[in-house]
Amino acid sequence: MEWLDVATTYVVEHFSRTEMIAFGIIAVLLALVLPSFGLLFMMALVALIFHIIVVFAIPLVEAGGDTSALDFQQMATADFWIEAGVLYLGYFLAMLILHAIKRIFYRGD
């Protein structure tokens with residue numbers, strides 16, 4: 001079970017560098033509009049895309065619209081894609097839990 005300890009440490013290390021406010025808002029909003037568990041994989045991907053757009057938009061807004069503040073070079077690194085994979089897993093789990101809670105409290109027609 002040593003591999004499990006290594007994997008969880010790795011995931012926690014990469015997940016700790018994320019924008020948690022953006023993560024929480026995106027996860028809650030998309031979990032609320034998630035119609036069924038069958039679309040969970042797709043909605044987690046949509047959440048990941050929204051998160052990446054938000055993370056790239058923050059420096060653009062802080063720079064007052066100056067596009068030279070954008071740094072697309074980080075997308076060419078393996079670390080970026082590993083963090084994207086960890087974020088996808090995080091969105092999947094968060095939306096799974098939030099959707100399950102929503103289904104418990106709201107049993108619409």
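Author: Contact here means heavy atoms within 4.5 Å of each other. This is a predicted model, in which local features need pLDDT of at least 70 and side-chain atom pairs count only at pLDDT 80 or more, while totals for chains, interfaces and linings use all residues. Residues are numbered from 1 along each chain as its sequence is written, and side-chain values use heavy atoms, with hydrogens and water left out.

Reader: Among contacts with a separation of 6 or more, what percentage comes from residues 24 or more positions apart?

Author: The chain spans about 50 × 40 × 20 Å along the principal axes of its C-alpha trace. Of its contacts with a separation of 6 or more, the share from residues 24 or more positions apart is 77%.

Reader: How many helices and strands does the chain have?

Author: Helices (DSSP runs of H or I, at least four residues) and strands (E, at least two) are numbered from the N terminus. Starting there, the elements read α-α-α-α. The totals are 4 helices and 0 strands.

Reader: Why do α2 and α4 count as oblique?

Author: Axes are lines fitted to C-alpha atoms, for helices over the stretch in contact, and angles run from 0 to 180 degrees between N-to-C directions. The axes of α2 (residues 20-33) and α4 (residues 78-105) come within 9 Å and cross at roughly 45 degrees. Under 35 degrees is roughly parallel, over 145 roughly antiparallel, 65 to 115 roughly perpendicular and the rest oblique. The pair is therefore oblique.

Reader: How do the residues of that contact divide?

Author: Among them are Phe23 and Ile26 of α2, and Tyr91 and Lys102 of α4. Ala, Val, Leu, Ile, Met, Phe, Trp, Tyr, Cys and Pro count as nonpolar, Asp, Glu, Lys and Arg as charged, and the others, Gly among them, as polar. The division is 13 nonpolar, 2 polar and 1 charged.

Reader: Is Phe92 buried or exposed?

Author: Buried means under 20% relative accessible area, exposed over 50%, and partly exposed in between (1.4 Å probe, protein chains only). Phe41 is at 53% relative accessibility, so Phe41 counts as exposed. With a relative accessible area of 17%, Phe92 is buried.

Reader: Which kind of aromatic pair do Phe41 and Phe92 form?

Author: Rings of Phe, Tyr and Trp (its six-membered ring) pair if their centres lie within 6.5 Å; planes under 30 degrees apart are stacked, over 60 edge-to-face and the rest tilted. The structure holds 4 such pairs. With 4.9 Å centre to centre and 25 degrees between the planes, the pair of Phe41 and Phe92 is stacked.
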